[in-house]
Amino acid sequence: FIYIFLQCVLTGVATIVAGYVFSRNRFRFRNTFMLIISSTMLFNGGMIPMYMVVRSLGLLDTRWAIVVPGMLSVFNIIIMRTAMQGISDALEEAARLDGASDWQFLWRVLVPNAKSTITAIGLLQIIGSWNSFMWPLIVTNTEGMRTLPVGLQAFSSDSGVQYPELMAASTFVILPMVIMYLLLNKYVVAGISNTGIKG
């Protein structure tokens, strides 16, 4: 739960700030930078260079090794940018007339108006973090640092797989995410539909 909480909070802040920069700040080559960032979605993998960076920073076998690499998601930034672009410019003009700074406009106007999108991103991030297997397995060595999906390996050994115990443990691992998704599904649908992205 600590991994999920840290990654969700850090990802939320980073995504909101990045979405604001690319949606509301009008700087030179903004669209070019966004195109370059979006193009990184074409490349899959990247675990080896990421592992080398984490190792060089001395973060192996720590919570930060799991949390930090997952902070920024291009998909999340695109969704947040699109949602913030859809918010009326009249709200920004009114906020500026009231003397609001960029920081105040972001957190007092944009964030409340994009809460359904933020909730959707948060939920998808929680589910992704909860189900993460390969990366935590690579960067952790001790059992205390590993996530629950990695812990399911304990039911598999050279002598065979303990299927009853593995199925029971898998149910307990999956159940919280299923319940959370069923309860918050409407926010995911609303958040994605507000961006104009159709599934």
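# Surface patch, salt bridges and helix packing

Phenylalanine 33 is partly exposed, with a relative accessible area of 42% (buried means under 20%, exposed over 50%, and partly exposed in between, with a 1.4 Å probe and protein chains only). The model is predicted, so local features need pLDDT of at least 70 and side-chain atom pairs pLDDT 80 or more, while totals for chains, interfaces and linings use all residues. Residues are numbered from 1 along each chain as its sequence is written, and side-chain values use heavy atoms, leaving out hydrogens and water.

## The nonpolar patch

Phenylalanine 33 belongs to helix H2, which covers residues 30-39 (helices are DSSP runs of H or I with at least four residues, numbered from the N terminus). Together with Phe27, Phe29 and Ile36, Phe33 makes a nonpolar surface patch of about 380 Å². Such a patch joins nonpolar side chains within 5 Å, from residues with over 30% relative accessible area and no salt bridge; areas come from the Shrake-Rupley method with a 1.4 Å probe.

## A network of salt bridges

How many salt bridges does the structure hold? The structure holds 4 salt bridges (a side-chain nitrogen of Lys or Arg within 4 Å of a carboxyl oxygen of Asp or Glu). The table lists pairs that are among them.

| Salt bridge | N to O distance |
|---|---|
| Asp89 and Arg24 | 2.9 Å |
| Glu92 and Arg96 | 3.5 Å |
| Arg96 and Asp102 | 2.7 Å |

Aspartate 89 forms its salt bridge with arginine 24. Aspartate 89 lies in helix H6 (residues 89-97) and arginine 24 in helix H1 (residues 2-24), so this pair ties together parts that are 65 residues apart in sequence. Arginine 24 is buried, at 4% relative accessibility, whereas aspartate 89 is partly exposed, with a relative accessible area of 43%.

Glutamate 92 and arginine 96 are 4 residues apart in helix H6, which means that about one helical turn separates them. Glutamate 92 counts as buried at 13% relative accessibility, and arginine 96 as partly exposed, with a relative accessible area of 31%. Arginine 96 also meets aspartate 102 in a salt bridge; aspartate 102 is partly exposed at 40% relative accessibility. Through shared partners, salt bridges join Arg24, Asp89, Glu92, Arg96 and Asp102 into one network.

## How helices pack

At what angle do H1 and helix H7 pack? Helix H7 (residues 102-113) packs against H1 at an angle of about 105°, and their axes are 11 Å apart. Axes are lines fitted to C-alpha atoms over the stretch in contact, and angles run from 0 to 180 degrees between N-to-C directions. H1 and H7 are therefore roughly perpendicular to each other (65 to 115 degrees; roughly antiparallel is over 145). In this packing, Ile16, Tyr20 and Arg24 of H1 meet Asp102, Phe105, Leu106, Trp107, Leu110 and Val111 of H7, contact meaning heavy atoms within 4.5 Å.

Helix H5 (residues 74-85) and helix H8 (residues 115-131) pack at about 170°, with axes 10 Å apart. That makes H5 roughly antiparallel to H8. From H5, Asn76, Ile79, Met80 and Ala83 meet Thr117, Ile118, Ile121 and Gln125 from H8.

## Methionine 50

Methionine 50 is found in helix H3 (residues 47-56) and is partly exposed, with a relative accessible area of 31%. Which residues does methionine 50 contact, leaving aside its neighbours within four places in sequence? With those neighbours set aside, methionine 50 is in contact with Pro69 and Trp135. The C-alpha atoms of methionine 50 and alanine 65 are separated by 9.7 Å, and these residues are 15 residues apart along the chain.

Key: Patch = residues over 30% accessible without salt bridge, like charges linked within 9 Å, V, L, I, M, F, W, Y side chains within 5 Å. Helix = DSSP H or I, 4+ residues; strand = E, 2+ residues; numbered from the N terminus. Parallel < 35°, antiparallel > 145°, perpendicular 65-115°, else oblique.
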